[in-house]
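This briefing goes through one protein model by topic, for a reader who has the sequence and the coordinates at hand. Please keep both open while working through the points below.

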Amino acid sequence: MWLIPAVVMAMTSGLVAPAADATGPALNWRACGGLGAECAELAVPLDWSRPAGDRITVAVSRLKAADPARRIGVLFFNPGGPGNAARPEVRDQGDQVFPAELRDRFDIVGVDPRGVGDSKPAISCEKSTVDPAGTRYPSTRAQFDHLAAYNREVAESCRRATGPLIDHVDTVSAAKDFDVVRSALGEQQVSWLGLSYGTLLAATYAHLFPLQVRAAVLDGPEDHTIGSRRFAADEAAATEKVFGAFADWCQSDPACALHGRDVQAEYRALLDRAPLPAAGFPDGASVEQIGFGTYSKLMFRSEWPALAKDIADAATNAAAFAAEAPTDPAYRVIACHDMPTGEVTYPEFADRVTEIRKLAPTTQGYVEGWDVQAGCLGWPIKPANPWGSVRVRGVPRTLVVAGTLDPATPHSWGPLVAAQIHGSKLLTWTEPGHTAYLNDPETRHVIVDYLLG
């Protein structure tokens, strides 16, 4: 997820995939970045149903354990998305992203999933994944038909630009790539830290290769059983709740630029007046740009002061928080493999629009789950990993971390994910933000201790 769920028959049948050969290909490391990291590339099958066929490469980075005498092993890290690259996070920001306790005890490994970042080929599209002239919230059949037609054109442009890889960038394929990396590292087991969509990747790996997992933390869990309608509805309700907490903070803290004002009423009025003047936006900032910009800042408690100022200044310049939903091609293509909208008629889609507006009368449903649902409407590429349970058995230690004020991965998904992972523990945290690891130092300390234990 921006920092985001489906599983093929092999996953739902309870089969465990064979681990990669421990004598597999080697990684040719070279120094990279300014933190002492190493980088390499590794060849993996383009199509895992034809492992001897064409190859692609995945990009890898590593920070070796600073205290080799106390080294535990390898820690795989994925920061979310789908489509977020892990290699630069480890290579360039490892000293900020990972506390010293993890850097001392683990070789921290970042892998850009297939088609993402420095992995080759990269997913690309000739058309923007968001139509600047259309809407993702159609109120007429003509708008609905236009949205579906535009998405089909996007997918066709992605196929032309990306080639055969376009059919094989699902999370199951990516998880199998990670096991090739594990084998190339010479490790029998690895630990996992997955954030947001990274929780789906980690859970999928654990489902396929439970004997290769020492311990895992899934922070901001994504439930792959809920389907596209609930995906959007749950996020809309959660975001409305988080905006209420933001408004309460403004009432109680004079540091808020909206202190003493009716924040929710002002925000609703602001959306009603859109488009608003915005530097760099010739036609002004649209209601969708403002709504998605607000959602992105609600995800991080540290951004709340800036959000308050943005709302206070929006009448004259809304540029500071006007943003599209993610337009990265990898985000859209992978999401449509893993979180497909399916066959939806206009009346049903219109009911879904009405539903999220009722669930979120102030924030109005400008959330990632809706962007995925709308962006995958009419998508013609067959999903390789459609919605379904990701059952995990045989992993000795798994911690699922869910927040009660997380707009992107609502707390209700936490128990659902934990119930699919035998023997897992569920940790609830109550401060606002998307993932505890990035928002709450106290819970982050618990996560680190769990990985070290």
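The model is predicted, and every value below is computed from it.

**Strand β5 and its two partners**

- Strand β4 (residues 73-78) and strand β5 (residues 106-112) run parallel and are joined by five bridges; among the residue pairs, Phe77 has Gly110 of β5 as its bridge partner, and Leu75 has Ile108 of β5.
- β3 is also joined to β5 by five bridges, but these two strands run antiparallel, and here the bridge partner of Ala59 is Asp112 of β5.
- Seven of the seven residues of β5 are buried, so the strand is largely enclosed by the rest of the structure.
- Both faces of β5 are covered, with Phe106, Ile108, Gly110 and Asp112 buried on one side and Asp107, Val109 and Val111 buried on the other.

**Helix α4**

- Helix α4 (residues 141-162) has 22 residues, which at 1.5 Å a residue should span 32 Å; the C-alpha atoms at its ends are 31 Å apart, which agrees with that expectation.
- The buried residues of α4 are Phe144, Leu147, Ala148, Tyr150, Asn151, Val154, Ala155, Ser157, Cys158 and Thr162, and they pack against three other helices, namely α11 (329-338), α12 (346-359) and α13 (368-375).
- Just after α4, Gly163 takes a positive phi of about 85 degrees.

**Ser228 in helix α7**

- Ser228 has its place in helix α7 (residues 227-252), and with a relative accessibility of 8%, which lies under the 20% cut-off, this residue counts as buried.
- The side chain of Ser228 makes a polar contact with the side chain of Arg352, at 3.1 Å.
- When neighbours within four places in sequence are left aside, Ser228 is in contact with Pro340, Thr341, Arg352, Gln373 and Trp387.

**The disulfides**

- A disulfide is a covalent bond between the sulfur atoms of two cysteines.
- If the bonded cysteines of the protein chain are numbered in sequence order, the pairing reads 1-2, 3-4, 5-6, 7-8.
- Cys125 and Cys158 form a disulfide with their sulfur atoms 1.9 Å apart, and this link is right-handed, with 100 degrees about the S-S bond.
- That pair links distant parts of the chain, since Cys125 is in the loop between β5 and α4 while Cys158 is in helix α4, 33 residues apart; Cys125 and Cys158 are both buried.
- Cys250 and Cys256 form another disulfide, in which the sulfur atoms are 2.0 Å apart; the torsion about its S-S bond is about 65 degrees, so this disulfide is right-handed, and both Cys250 and Cys256 are buried.
- Cys336 and Cys376 also form a disulfide, again with their sulfur atoms 2.0 Å apart, but here the torsion about the S-S bond is about -95 degrees, so the disulfide is left-handed.
- Cys336 lies in helix α11 and Cys376 in the loop between α13 and β8 (398-405), so the pair ties together parts that are 40 residues apart in sequence.
- With relative accessibility of 2%, Cys336 counts as buried, and Cys376 is buried as well, with a relative accessible area of 4%.

Conventions:
Residues numbered from 1 in each chain as written. Predicted model: local features only at pLDDT ≥ 70, side-chain atom pairs only at ≥ 80, totals over all residues. Heavy atoms only, no water. Pairing = 2+ DSSP bridges. Helix = DSSP H or I, 4+ residues; strand = E, 2+ residues; numbered from the N terminus. Expected span 1.5 Å × (residues − 1). Buried < 20%, exposed > 50% of the residue type's maximum accessible area, 1.4 Å probe, protein only. Contact = heavy atoms within 4.5 Å. Polar contact = N/O pair within 3.5 Å; in protein donor to acceptor, adjacent residues only side chain to side chain. Disulfide = S-S within 2.5 Å.
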